[in-house]
Structure formats: C-alpha cells, structure tokens
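Let's take a friendly walk through one protein model.

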Amino acid sequence: MMSSNRRNFLRQLAVGTGALAAGIPSFASSPTAPSDRELRQALDQSNKQQRFNMSGYAAPKIDKVRIGFIGQGMRGPGAVQRMSFIDGVEIVALCDLLPERATKSNKIVTKSGRPAAKEYSGQNGWKEMIDKEKLDLVYITTPWEWHTPMALYAMEHGAHAASEVPIALTLEDCWKLVETSERTKKHCMMLENCCYDFFELLTLNMARQGMFGELVHAEGAYIHDLRDLNFSKTGYQNMWRLRMNGKHKANLYPTHGLGPIAQCLDINRGDKMDYLVSVATNDFMMNNIAKERAATDPFYKEFVDLPYRGNMSTTTIKTNKGKTMMIQHDVTSPRPYSRIHLISGTKGVASKWPDPERIAFGHEWIKEEELKKLYDQYTPEIIRKIGDLAKQVGGHGGMDFMMDWRLIDCLRNGLPLDQDVYDAAAWSCIVPLTEKSIANRGNSVDVPDFTRGSWKTNKQVELTLKGGGTTGVIGVEKKGESKQLNVH
C-alpha cells in the first residue's frame, strides 16, 4: 500500500545501523534450516514452567517516555518524525552506524521544536547509547539480524524494547527474548504496523462481536515487488536484504500478513499455532537479475548463482482448535502490492488486498453503502480517537502513527501492550520454521508454544482505550492551518 512519496523515500535512503559484520546472530551467517535437535530443544522449552506472564502485564506508568532510536536509514527517520508529534515523549538519543544519518534525523527533532537529541554512531554506538542514557524505550529500526541483540540489551539495561519486524530469525533468539522479557518485566514489542490498519482493525472488532460467526480460516501475505530496491546499491546497507534472500529459502517476512489475522484468531489468547507446512517455488528471477547486472557491472558478480529463495512461498498453519491460516511471501514477481487480509467464518467473510475492501455474509459482497454502515458501527475506539490525525501525520496511511501513539499511551498509562513478547516470538518464528519445512519437501513442523500454556487463559487484545487515551498529539497541520492539536 505504498504511496509514490513513500517509494521515493525508500529509494533515497539506505537502511539503518549495521552492515553485515562479526557478532550478528547465527541465522544471518548460516544458510541452513534449524536442525532437528534445535527444533526439539525449542519444543522442550515450551514444556518448562513460565517464569512470569507478560501477556496482560501492565508495567509501571511512565509520565515522560524517554526514547533512544537505533537505525536512522530507511525506517528510522519516519519513526522519529512520528514520535515528535506525540506528547509525553522525550527524544533523548539517535544512533546509526553512519554519523551523518543521526545528524540528519536530529534536524527532524529540532524542527519540531524539541531540544536536539544526543547523537551516537559507529559499530557499537547503540550499546554506548543504552549504557549512557537513562532510556525508558529503545526503538529499533535496523537490519533484521540486529533486532534480537539490541532488544535483549535494551531490556537487560532497564528499557522496554520495540523493534521492527521480524524481531528474531532463530528459535533460540525467540526464546531469549521471551525469557529476558519475563525476567526483567520489560515489554518487548514487535512493531507490526499492519495490526493498526483501518480495515484490519475493523475486521478484528467485527470478528470480536461475532459478525463472522466462528472463524475457521484466515489468510495473510506480503506480496511486494522489491526487485529495484533489493538490487539497488543505495538501498539496503551493504545489500543486506539481497544477501538474506540469497541465503535462506524461507518466508523471510511473514508478520505483516500474519499479525492481523493472528489477532483475529486469538492466537496466544485462546488458541495457538500447532504446526505448519511450507512449500516454495524455484527462483525464476533473482539470479537472472544478478547475472544481467553482473554482465555490465562487476559489483554484482558476488550475487550470481546464490541459492536464492523462490519467488513465492506458501505456508499453511493449523491451530490447536482446528483452524487454518495461509501465509504467502513474494517480493520478486511483478504483481500489485498485497497483504491478502482475509478472515472467513461460519457467518461471513472479510477481504482486502488487492483492493477493494470487501465483506460478505453470503454469495455476494455487500454494497458500498452497507460497508459504510459497518464502518460506522464497528470502527474501534482508537480510530475514532486518533484516526484522522494519524492520516495527517502519515506512515502507511496513518497506521504507523496509530501504532506509535498507542504504544506511548499504553506506557504512560501503565496499560498492557497490544502486542507482547509472545506475539513477537510466535510471528517471527515462522521464518526458521518455514525454512525447515521447505527444506524437507513440505513436511510438517511443530510451532513452539512461547506462552508455555498461558494461551489458554490469556485475555484477548483490548479494543477500547479503557484506562488510557490521554496522550496528546501536537503540532499537526490541519486543513492548511499550522497549529497545535491536542487529543485528550
């Protein structure tokens, strides 16, 4: 759902901290799927006693949330800008591998009327930032392989962690995040912005109200033609995303499609993912692109004949309660952007991606005026409260801003987060598990229970602003007028 402005922004900026280097997790340096022994160990962890249940956990209130940002390349500047509109936030520090990026983002901070943030840079600048600054929240927008070590370091040093997706690439790292969050009682949230899409939130609320009956099947995907960006020298730092696509035959980016439907199906909160099977096509394009470019540019020679993941991977997940989810991933084929958000129940179905948004309670999709009535009746409180302002601030149509605002509002009011560490682990573990299944001709692979049984009693995601909704939005321009807007 990227706008042309967003596409231009992506092309202009390189991703945040850290080229591939020593010290990154094993998944990033090993082209193999998890071994049977590693899978058994991960499943054995599920049978241990839970140290502390982070689902529904309300951390102590934080009146002024002091934030340190790591990664000021592709996603980082947008996060800084969005946070600059939120009251009760102090942008304390900015860090990137390249100092000029931190400096550039600091201009966003000062332009908003806030004091300049402290700047950190270099290979270990993020550790120095966490060590020196008394942070409440570390906001991570770096290459995937750095998400886990940075989130762990933040929690160990007294800060809540919020990370771009996926938050982990190995089963071991998923468990490290769970155990560290439980031990430190620090939130560990994966920043799955698609959970805050307006239609996804509408269907979640409708499902919660029983409008679709008993949900039996759901579908989600990440289908996005990233050929130009993946092969761009000025895109991802050190071509890290192309390298990942050249090492791992897996669904490398499952959470955008999975997150919203997992919430609709109450995964980790009444049901759990039991096992999955995954298959993938061959690569029909990436190696050809590498060869074409290498023929005229020696830079691309190292990317020729890598074991690229296939164009399309398709994964089916069975839940404990007998429901199914289908997840797809394709970032190579020339297709329109799609997340294939679909939930199907005993009374009806909702679908979006590709457009338009559609809902049916029988053989035909309801008419536009009927859909509008459903929006009027079932739009969740967060959209009614902040939706219009979110659209003005932006970030994938406003869902990024709603995600950030909700995170800060929860921290300031001592509320449980909409996404907890168990969601982060369960949605991210799809990466190594699909690699295992694909490598074994689509054989089924068990999904670990990161809640260690508490999924049976964990409460559903809260869809009201009960106890919160008090955080203001400042400095938003509305209808051509530059003025302060407060939401209380």
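## The sheet

Strand β2 (residues 89-96) and β3 pair in the parallel sense, over four bridges; strands count as paired if DSSP finds at least two bridges between them. In this pairing, D96 sits opposite S121 of β3. This is a predicted model, where local features need pLDDT of at least 70, side-chain atom pairs count only at pLDDT 80 or more, and totals for chains, interfaces and linings use all residues. Residues are numbered from 1 along each chain as its sequence is written, and side-chain values use heavy atoms, leaving out hydrogens and water.

Zooming out, β2 and β3 belong to an open sheet of six strands with parallel pairing, in the order β3-β2-β1-β4-β5-β6. The edges are β3 (118-121) and β6, each with a single partner strand, so one side of each has no neighbour in the sheet. On average, neighbouring strands here are turned by 20° against each other, direction ignored.

Helix α7 (residues 147-156) lies across part of this sheet, running at about 160° to β5. Angles run from 0 to 180 degrees between N-to-C directions, with axes fitted to C-alpha atoms.

| Strand | Residues |
|---|---|
| β1 | residues 65-70 |
| β4 | residues 137-140 |
| β5 | residues 160-163 |

Strand β6 is also one of them.

Note on methods. Helices (H or I, at least four residues) and strands (E, at least two) are DSSP runs, numbered from the N terminus. Contact means heavy atoms within 4.5 Å.
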